[in-house]
Amino acid sequence: MTNKTPANPPYYLGIDGGGSKCKVVLTDAAFTVLAEGLGGPANPLRGMDVATQSILDATYQALAKASLPASAISEVIVGAGLAGVNIPEYHQRFSQWQHPFAELHLTSDLHVACMGAHQGRDGAVIICGTGSCGLASVKGQVLEVGGHGFPYGDSGSGAWFGLQLLQRVLRSKDALVAPTLMTELVQQLLGLSDTLAIASHFMHASATEYARLAPLVFAAAEQQDAQAQQIIVEGAEHINAIAERLLALSPPAITLIGGLAPKLVPYLDGNIQRLLVPAIESPELGAIWFARCATAKPVASANILRSEA
């Protein structure tokens, strides 16, 4: 998606756009970081006007911090990793955006997380945060797994752990399963003890609210609570399954990202643990790598394959 060719040596902008915020990093042609910027939601599912304005706000903020005029936006080559653009309708909408940049190269936020984690080289990434999903990028092929959303997807995520805890606690309070330490922990967190009051509290809860309960599962497991340990084993099995599916592309390394990642590592299969490496760079810098690759070999977007049985 080219707008115009910059007259001066270009600047590069990497965007990591999610449902709550948009983070950008601005570099010069030598890829030296000049400034960063922060905007609002950049997921097109929140509205195209909201998403594009968030991107522009963060970009102009970065330009100002770098002591560059607003007009320099026309010299910026952009790599944008945005949540939601894996949906064809929203990818098309963003592709048709009359942006002010020199170039805009579009892919998913998960893809730029992978590019950043492995500094543009082949590899895979698995998100173990509020949600869960995975992506492998090897020799130009990109395979995405999961990311379908809570509660019908995101197994092994923080939200999933919270839901499992709540289900076990409610069954335990009804004497349908054995008592669990998780009951005491969640009652202390919420300041509630009545079964219906606890259930009502989560009647319209978001994935983020369920994810707040995830640490309680691990706290109970550390005290040898059998039900909490069972939840962790099952959650790790979901992450193992994502990893095994990504291995179809034979990525040389896998990075786990998200708050639950360190807690889940000991429960993963040995062949997966041996491939684990820490992230080298942030998703925003991964977006710079994506733009750099796209500029070297012009493409409109990444060739992202969805996982199919």
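I count a residue as buried when its relative accessible area is under 20%. I keep that cut-off at hand, and I remind myself that this is a predicted model.

**Entry 1: Tyr12 and its partner**

I looked up Tyr12 first. Its relative accessible area is 9%, so Tyr12 is buried. Next I asked which ring Tyr12 pairs with. The partner is Phe31, in a tilted aromatic pair with 4.8 Å centre to centre and 40° between the planes. Phe31 has 27% relative accessibility and therefore counts as partly exposed. Tyr12 belongs to strand 1 (residues 11-17), while Phe31 sits in the loop between strand 2 (22-27) and strand 3 (33-39), so the pair ties together parts that are 19 residues apart in sequence.

I noted seven aromatic pairs in the structure. Phe94 and Trp97 make one of them, edge-to-face, at 5.8 Å centre to centre with 85° between the planes. Both of these residues, Phe94 and Trp97, are buried.

**Entry 2: helix 3 against helix 12**

How do helix 3 and helix 12 pack? Helix 3 (residues 109-117) meets helix 12 (residues 283-296) at an angle of about 90°, and their axes are 7 Å apart. I therefore wrote down helix 3 as roughly perpendicular to helix 12. On the helix 3 side, the contact uses His111, Val112, Ala113, Met115 and Gly116. Helix 12 brings Pro283, Gly286, Ala287, Trp289, Phe290 and Cys293.

I then checked how covered helix 3 is. Eight of its nine residues are buried, so I noted helix 3 as mostly covered. Among the buried ones are His111, Val112, Ala113, Met115 and Gly116, which I had already listed in the contact with helix 12. Leu110, Cys114 and Ala117 of helix 3 are buried too. Just after this helix, Gln119 takes a positive phi of about 55°.

Phe150 and Pro151 are joined by a cis peptide bond, with omega at about 10°. Pro151 is placed in the loop between strand 8 (141-146) and helix 4 (158-173).

Ala175 is not a glycine, yet its phi is positive, at about 60°. I located Ala175 in the loop between helix 4 and helix 5 (181-190). Is Ala175 buried or exposed? With a relative accessible area of 67%, Ala175 is exposed.

Ser250 also has a positive phi without being a glycine, near 55°. This serine lies in the loop between helix 9 (226-246) and strand 9 (254-257). Its relative accessibility is 54%, so Ser250 counts as exposed.

I finished with the inside. In soluble globular proteins, nonpolar side chains tend to be buried together. Here, the largest nonpolar core has 46 residues, and Ile126, Phe161, Val217 and Leu264 have the most contacts inside it. Helix 9 gives the most to this core, with eight residues.

Leaving aside residues up to four places away in sequence, Phe161 touches Gly156, Ala214, Val217, Phe218, Ile231, Ile232, Gly235, Leu260 and Leu264. A second core, separate and with 28 residues, includes Val24, Ala42, Leu63 and Ala72.

How values were computed:
Residues numbered from 1 in each chain as written. Predicted model: local features only at pLDDT ≥ 70, side-chain atom pairs only at ≥ 80, totals over all residues. Heavy atoms only, no water. Axes fitted to C-alpha atoms, helices over the stretch in contact; angles between N-to-C directions. Helix = DSSP H or I, 4+ residues; strand = E, 2+ residues; numbered from the N terminus. Parallel < 35°, antiparallel > 145°, perpendicular 65-115°, else oblique. Contact = heavy atoms within 4.5 Å. Phe/Tyr/Trp six-rings, centres within 6.5 Å; stacked < 30°, edge-to-face > 60°. Buried < 20%, exposed > 50% of the residue type's maximum accessible area, 1.4 Å probe, protein only. Core = buried A, V, L, I, M, F, W, Y, C linked by side-chain atoms within 4.5 Å.
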